[in-house]
Every structure is written in C-alpha cells, then in structure tokens.
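The sequence and the model come first, and the description follows.

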Amino acid sequence: LFILYFGMMSMITPPVALASIAAASISKAHAFETSLASMKIGWASYAIPFAFVMSPALLMQGNWVEILRSVALMLIGISGVTVGVVGYLGSSIQRPMRVALILVGLCAMPLGAAHTAWFVVNQFCALILGLGLFLQLRRSRQKIAANSL
C-alpha cells in the first residue's frame, strides 16, 4: 500500500504530474509552475504514509483518547507546515515566521509513542503552533480591516 500510495502521488509530482499539467492547460498557466505549486499545497500527501507507520493511532489502532490526540496533533502540525510552506494565511508571512511554523509544525506531529518524552514535545509544539496560527490570522484580519477603511 505504501508503494501504491506514492505511485498515486505522481499525479502532482514533476516530471509526470498528469493532474497538474491538465489543470495548467485548462487555466492556460505554465505547467511546471503549476506542478510546483501543487507540490507545495500537497506536501502533506508525502508525509502521511510515514505518519501512519510511526503512529498507528492515526489508523484507528488504540484507545479513543490516543486516536483523538493523534488526529488533532496531526491536523495542527499539517496546518502549521502548510502555512509555512505556502507562506500565506490571510496575508503574506515573513521568512523567519515561515521557518518557525515549519519546524514547530513538524515537531507537533505525533511521530512517536504516547509514553515517551516526544509526547510532551508534541503537546508543547501544538500549543505554540496553535497560538502562532491564531495570532497570524488575527494580524491579517486587522490588516484587511485597516485597509478597508
């Protein structure tokens, strides 16, 4: 299944990128740039199979508390890294904040056992990341409100 999953990801990965090339031809955009943009947005598709191997709770194995915790941490981590890679959340994000979002987002992902020290790192990073995303979203909304006056 792991190999099949990565075979399907060739739809957005250059040089094959059939889905990206089809989208680029419909929108009359540059095919390679569209493929790179699709890889930026779809980066999580490459990380999810590794997360399944490292955290079986993401495959609904374990008790419900561990499953909910793993899914929540994965969603927060993926959100942070995606915002960092794309560089936009309501407004443009500066490079140091982007790097911080990527690093903290990767650390927030549940890639270890729930009984290890990594559990504490996951919780702390998810808290910091949630706060950072909230502050960035609030800042961008304030910019929009100030520009509309």
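## A loop residue to begin with

Lysine 28 is found in the loop between H2 and H3; helices (H or I, at least four residues) and strands (E, at least two) are DSSP runs, numbered from the N terminus. The model is a predicted one, in which local features need pLDDT of at least 70 and side-chain atom pairs count only at pLDDT 80 or more, while totals for chains, interfaces and linings use all residues. Residues are numbered from 1 along each chain as its sequence is written, and side-chain values use heavy atoms, with hydrogens and water left out.

Although lysine 28 is not a glycine, its phi is positive, at about 60 degrees. Lysine 28 counts as exposed because its relative accessibility is 74%; the cut-offs are under 20% relative accessible area for buried, over 50% for exposed and in between for partly exposed, with a 1.4 Å probe and protein chains only. Methionine 60, in the loop between H4 and H5, also is not a glycine and has a positive phi, of about 65 degrees. With a relative accessible area of 55%, methionine 60 is exposed.

## The chain as a whole

The chain has seven helices and zero strands. Read from the N terminus, its elements run α-α-α-α-α-α-α. The C-alpha trace spans about 50 × 50 × 25 Å along its principal axes.

The chain has 149 residues, and 30% of them count as buried. Among contacts (heavy atoms within 4.5 Å) with a separation of 6 or more, 54% are between residues 24 or more positions apart.

## Helices H2 and H3

Serine 20 is placed in helix H2, residues 18-27, and serine 35 in helix H3, residues 31-41. Serine 20 counts as buried because its relative accessibility is 3%. Serine 35 is buried too, with a relative accessibility of 3%.

Leaving out residues up to four places away in sequence, serine 20 touches Met11, Ile12, Thr34, Ser35 and Ser38. On the same terms, serine 35 touches Ile12, Pro14, Ala17 and Ser20. Glutamate 33 also lies in helix H3, but glutamate 33 is exposed, at 55% relative accessible area. Between glutamate 33 and isoleucine 21 there are 9.6 Å from C-alpha to C-alpha, and the two are 12 residues apart in sequence.

## The nonpolar cores

A nonpolar core is a set of buried Ala, Val, Leu, Ile, Met, Phe, Trp, Tyr and Cys residues joined through side-chain atoms within 4.5 Å. The largest one has 10 residues: Leu73, Val83, Leu89, Ile93, Leu101, Ala108, Cys125, Ala126, Leu129 and Leu133. Helix H5 (64-86), helix H6 (95-108) and helix H7 (118-148) are the elements that give two or more residues to this core. H7 contributes the most, with four residues.

Leucine 73 is in contact with Ala108, Met109, Pro110, Asn122, Gln123 and Ala126, neighbours within four places in sequence being set aside. A second, separate core has eight residues, including Trp43, Ala51, Met74 and Val81.

## Helix H7

H7 has 31 residues and reaches 44 Å from its first C-alpha to its last. That is close to the 45 Å expected at 1.5 Å a residue, where the expected span is 1.5 Å times one less than the number of residues.

Which residues of H7 are buried? They are Asn122, Cys125, Ala126, Leu129, Gly132, Leu133, Gln136 and Ser140. H5 and H6 are among what covers them.

## A nonpolar patch on the surface

Phe2, Ile3, Phe50, Val53, Met54, Leu111 and Trp118 form a nonpolar patch on the surface, and together they have about 700 Å² of accessible area.

Helix H1 (2-8) and helix H4 (44-54) each supply at least two residues of the patch. H4 gives the largest share, three residues. Leucine 111 is found in the loop between H6 and H7 and is partly exposed, with a relative accessible area of 30%.

How values were computed. Patch = residues over 30% accessible without salt bridge, like charges linked within 9 Å, V, L, I, M, F, W, Y side chains within 5 Å. Areas by Shrake-Rupley, 256 points an atom, 1.4 Å probe, with all protein chains shown as cover. Salt bridge = Lys/Arg side-chain N within 4 Å of Asp/Glu carboxyl O.
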